[in-house]
Amino acid sequence: MTNYLDFERPLAEIEGKAEELRAMARQNPEADVEQEAAQLDKKAADMLVKLYKELTPWRKCQVARHPDRPHCRDYIDALFTDFTPLAGDRNFADDLAVMGGLARFNARPVVVLGQEKGNDTKSRIERNFGMARPEGYRKAIRLMELANKFGLPVVTLVDTPGAYPGKGAEERGQSEAIARSTEKCLQIGVPVISVVIGEGGSGGAVAFATANRVAMLEHSVYSVITPEGCASILWKDSEKMREAAEQMRLTAQDLKQLAVIDRVIPEPLGGAHRDSAKAIVEVGKAITEMLSQLDGLSAKKLIEDRRRKFLDIGSKGLAA
């Protein structure tokens, strides 16, 4: 069953009518409804093109948060082989919001890690909706150190509203853990590739995405704060999230123009949730190309390339 977003309600009505006609035909084989259903299909297809032709930043936020978008686990299952999950930060606990381990990508040994939101009520609660606690970032640091020790590229998949802001997380050093994870991204002498597959929220995303190459799916978002949070601070009204999203330059297209990211990965028409398999294939192609760009570079060159990338942020596209 398709989960429709608010702005997709007219589309839901048309596709629903087409399905009702076909259900009627299944119950009564003599009913001739295929022509009418086909007309509704065409109308729905045209509307889908129109809706997604120029999505507003707020609508992109809604698409990025769609519950049916493929998540970190889906990408790992489809793109990586011999995945061996590694758990725990060797200090406090294992954070299920962060998953990662050793794997092979196109037969090449790598370390893969990312935030996992879960795909049903039970798993979302277990995964804390993709909001990592300090032990999650310390687990990521441990995996990055392992990758550096054995010379393995690191691939990160970013999908989080932000780091978990709870009392316990703050008591255990949330901000320090995020800073250390970001620092570790900059220090390791192996290729680091990052893909924002949904939400790239605040320091919780930066701690995974301080990479040599950063890509975003076409309808993903990446920002220092959520539009609702920004609206609450600026206007004391979270309902002004649409206005906030317009001003924040959080879309993949804006961030490519600003040179914050390196590439935009196309999504299937209607978003990654409408054709997960196709979206995953496109992400796989992008990871392959980005890794090939870094092949042959020394550890010193990789570290310098990464540092220069982030030092240069803010020097391009601000007048656009």
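**A walk through the predicted model**

At 4% relative accessibility, Thr-251 counts as buried, where buried means under 20% relative accessible area, exposed means over 50%, and partly exposed lies in between (1.4 Å probe, protein chains only). This is a predicted model, in which local features need pLDDT of at least 70 and side-chain atom pairs count only at pLDDT 80 or more, while totals for chains, interfaces and linings use all residues. Residues are numbered from 1 along each chain as its sequence is written, and side-chain values use heavy atoms, with hydrogens and water left out.

Thr-251 sits in the loop between helix 11 (241–248) and helix 12 (252–257); helices (H or I, at least four residues) and strands (E, at least two) are DSSP runs, numbered from the N terminus. Apart from neighbours within four places in sequence, Thr-251 is in contact with Pro-57, Lys-60, Met-216 and Ser-220, contact meaning heavy atoms within 4.5 Å. The loop between helix 11 and helix 12 also holds Arg-249. Arg-249 is not a glycine, yet has a positive phi of about 55°. Its relative accessibility is 23%, so Arg-249 counts as partly exposed.

Lys-236 is another residue other than glycine with a positive phi, near 55°. Lys-236 belongs to the loop between helix 10 and helix 11, and with a relative accessible area of 71% it is exposed. What do Ile-233, Leu-234 and Trp-235 form on the surface? They make up a nonpolar patch with about 320 Å² of accessible area together. Accessible areas come from the Shrake-Rupley method with a 1.4 Å probe, and for residues only the protein chains shown count as cover. Patches are made of residues with over 30% relative accessible area and no salt bridge; like charges are joined within 9 Å, and nonpolar side chains (Val, Leu, Ile, Met, Phe, Trp, Tyr) within 5 Å.

Gln-174 lies in helix 8 (residues 174–187). Is Gln-174 buried or exposed? Its relative accessible area is 2%, so Gln-174 is buried. Leaving out neighbours within four places in sequence, the contacts of Gln-174 are Ala-132, Arg-133, Pro-134, Tyr-137, Ala-163, Tyr-164 and Ala-169.

Helix 8 also packs with helix 14 (residues 299–311), the axes being 8 Å apart and the angle about 130°. Axes are lines fitted to C-alpha atoms, for helices over the stretch in contact, and angles run from 0 to 180 degrees between N-to-C directions. Helix 8 and helix 14 are therefore oblique to each other: angles under 35 degrees count as roughly parallel, over 145 as roughly antiparallel, 65 to 115 as roughly perpendicular, and the rest as oblique. Cys-185, Leu-186 and Gln-187 of helix 8 meet Ile-303, Arg-306 and Arg-307 of helix 14.

Tyr-137, Ala-140 and Met-144 of helix 6 make the contact with Gly-204, Ala-207 and Phe-208 of helix 9.

The last topic is charge pairing. A salt bridge is a side-chain nitrogen of Lys or Arg within 4 Å of a carboxyl oxygen of Asp or Glu, and by this rule the count comes to 23 salt bridges. One of them joins the side chains of Arg-65 and Glu-199 (3.0 Å, N to O). This pair links distant parts of the chain, 134 residues apart: Arg-65 is in the loop between helix 3 (57–64) and helix 4 (72–79), and Glu-199 is in strand 5 (residues 192–201). Arg-65 counts as partly exposed at 28% relative accessibility, whereas Glu-199 counts as buried at 8%.

Lys-117 forms a salt bridge with Asp-159, with the closest N and O atoms 3.3 Å apart. Lys-117 lies in the loop between strand 3 (108–115) and helix 5 (121–126) and Asp-159 in strand 4 (residues 154–160), so the pair ties together parts that are 42 residues apart in sequence. Lys-117 is buried, at a relative accessible area of 12%, and Asp-159 counts as buried at 2% relative accessibility. A network of salt bridges links Arg-65, Lys-117, Asp-159, Glu-199 and Glu-228.
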